[in-house]
Amino acid sequence: RIDGNDIRDVPLSLLRSSIAYVTQETFLFSETIRDNIAYGSEGASQADIEWAAGISRIDKDIADFPQGYNTVLGERGITLSGGQKQRVSLARAVLRRPAILILDDALSAVDTHTEEEILGRLKEVMRDRTSIVISHRISTVKHADRIIVLHEGAIAESGTHDELVLLGGIYAELHQKQLLAEELAEME
C-alpha cells in the first residue's frame, strides 16, 4: 500500500514517477551541472535547481566552478569527486519532490560534517513522505522513525536509535565502534 492505496491499483508509470532513488554509485551525464540536477524534472526553474543544490550542499562547490551551474561535466562526471557526484545526484532526486525517497548509501563518499548538514536540510524534505535510508553509518540513520538492522539477510533488530542502543545488540556494537573511530580521528 502507498498512502492507503493498493499498489496493484496504481499505474506503473505513476508509481515510478513517485519514487526517487539515489545510489552510492551515481550516474551523471556529460552535460552541465544544471542539466544533471534538472534531469527528470522538465521545466524546473533555476531557483528550484538552486534550492535542490542547497539541500544537498553541492551549491558551495558549484559557486567555486568557473562556469557555475553551466559547468560542463566530463564523461560520467569525471571532473567531480565522489562526494560531489553523490550530492549532484541527491539534488536531482530532491528536485523531483518524490512521494517516496530512497537513499542507498547515498552519502557514503561525503565527510561526516557535510553529511550532518545535508541530513539537517533533508529533514524538511523528508517530512510527510516515505523515506528509506540504507546506510552503514549510524550518523545517517540515527534520527529515523524506525531503524531496521539486517544481519546475514534477515532482520536482526528493529526500533529507534535509543531503543537499539539500549538493546545492546548488533546496532549498539556498531554504534560504539563508530563513536570510537570518530574519537580517534579527532585526536589525529
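Reader: Hey, which residues line the largest cavity?
Author: Leu103, Asp105, Ala106, Leu107, Ser108, Leu119, Val133, Ile134, Ser135 and Thr140 do. A cavity here is a set of points on a 1 Å grid over the protein atoms alone where a 1.4 Å probe fits but cannot get out, and lining residues have an atom within 4 Å of a point. This is a predicted model, where local features need pLDDT of at least 70, side-chain atom pairs count only at pLDDT 80 or more, and totals for chains, interfaces and linings use all residues. Residues are numbered from 1 along each chain as its sequence is written, and side-chain values use heavy atoms, with hydrogens and water left out.

Reader: What's the volume of the largest cavity?
Author: About 60 Å³, counted as the space filled by probe spheres set on the points, with grid points joined across faces, edges and corners. By class, six nonpolar, three polar and one charged residues line the largest cavity.

Reader: Switching topic: which residues touch the most other members in the largest nonpolar core?
Author: Ile37, Leu90 and Leu122, out of 33 residues. The largest share of this core, six residues, comes from α5. A nonpolar core is a set of buried Ala, Val, Leu, Ile, Met, Phe, Trp, Tyr and Cys residues joined through side-chain atoms within 4.5 Å.

Reader: What does Leu122 touch?
Author: Leaving out residues up to four places away in sequence, Leu122 touches Ile55, Leu90, Val94 and Leu103. Touching, or contact, means heavy atoms within 4.5 Å.

Reader: Last one: is Gln84 buried or exposed?
Author: Gln84 is buried, because its relative accessible area is 13%. The cut-offs are under 20% for buried, over 50% for exposed and partly exposed in between, with a 1.4 Å probe and protein chains only. Gln84 sits in helix α5, residues 82–95.

Reader: Which residues does Gln84 touch?
Author: Ile58, Asp61 and Phe65, not counting residues up to four places away in sequence. Also, a polar atom of the Gln84 side chain lies 2.8 Å from the backbone nitrogen of Ser81.

Notes: Helices (H or I, at least four residues) and strands (E, at least two) are DSSP runs, numbered from the N terminus. A polar contact is a pair of N or O atoms within 3.5 Å; within protein, one must be able to donate a hydrogen and the other to accept it, and residues adjacent in sequence count only if both atoms are side-chain atoms. On a 1 Å grid over the protein atoms alone, a cavity is a set of points where a 1.4 Å probe fits but cannot get out, and a pocket is an open set with protein on both sides within 12 Å along at least five of seven lines; lining residues have an atom within 4 Å of a point. Ala, Val, Leu, Ile, Met, Phe, Trp, Tyr, Cys and Pro count as nonpolar, Asp, Glu, Lys and Arg as charged, and the others, Gly among them, as polar.
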